[in-house]
Amino acid sequence: MKYTLDTEFSSLNGPKAANWMMDFQDIAHDAFADSNSHSRLLGNLLILEPYMHTLRQGLANQGRTLPTILQKAIDPLWDYLEGKKAVSDFQDFANNLYAATLDYNVGEEITEAQAEFSRNFVDIPWGKTCEWQILTWLSTLLMEVAATCGGRLDFEEFEEYEQEIDFSEMDEMLNMLADASIELTGTPLQSNKAVDVMNAWEQVSQTPLFRQVIERIQNGLKAALSAVPKQYPALREEYRRYTILPKEYAAKLLEI
């Protein structure tokens, strides 16, 4: 069975739903095969905004606010989409931010200037999974935009970048939310063995909570596919009010 973005996820049984999840990146790629980089970027942003709003709600329950670096990272992407900024306006920021996430995620050696940028601007505590996942996603998008538009690149993995904006970081988020939903719904997970994780994925895919997550993702991507540039500002305001999980789960997500 070939799954698409229009597949009704709630109609799939456990094994088929798990297969849809594993095929997600290819599903998104196929859906945007005939779309330009702006539509692909919009698709990412319409999922990032609800994810960030869920994070904002969870942090509020802890008496914290959204790290300022996240807003500073997402704003240039929206401004680029809306024609307010050129890549040259944020290419230095993009490279420095990507260096900071490399340092965090893989211990990449970075320059003193890049380390100073991280110390001065990255206001996310070490070990905060959701915050760092979002920042990594944003930094990757910034570099992909720089690469596709001929901006300055400090990292060789982007120097011969010929692909359009992709959905790999969204795929990472989906996997994380599947794992989180297993705990949030009390779905049994016998061990971390692949077979047991897959069995838990099959079970959690049948829960209303996770089906709501998938519906939000599908709706966001479909909105991006049909949108025209003049609608971008309105979509920006609309989707920043949505959440990727219901509000009552926001605080619990940050505890996982």
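Predicted model: local features only at pLDDT ≥ 70, side-chain atom pairs only at ≥ 80, totals over all residues.

A: Residues are numbered from 1 along each chain as its sequence is written, and side-chain values use heavy atoms, with hydrogens and water left out.

Q: How many helices and strands are in the chain?

A: Helices (H or I, at least four residues) and strands (E, at least two) are DSSP runs, numbered from the N terminus. The chain has twelve helices and zero strands.

Q: Why does the radius of gyration of the chain agree with a compact globule?

A: The radius is taken over C-alpha atoms, and the globule rule is 2.2 Å times the number of residues to the power 0.38. For 256 residues the rule gives a value near 18 Å, and the chain agrees because it has 18 Å. Its C-alpha trace spans about 50 × 40 × 35 Å along the principal axes.

Q: Is leucine 42 buried or exposed?

A: Buried means under 20% relative accessible area, exposed over 50%, and partly exposed in between (1.4 Å probe, protein chains only). Leucine 42, in helix α3 (residues 37-61), counts as buried because its relative accessibility is 0%. Its C-alpha atom is 8.5 Å from that of leucine 225, 183 residues apart along the chain. Buried residues make up 53% of the 256 residues.

Q: Where is glutamate 159, and why does it count as exposed?

A: Glutamate 159 sits in the loop between α7 (129-148) and α8 (168-184). It counts as exposed because its relative accessibility is 52%.
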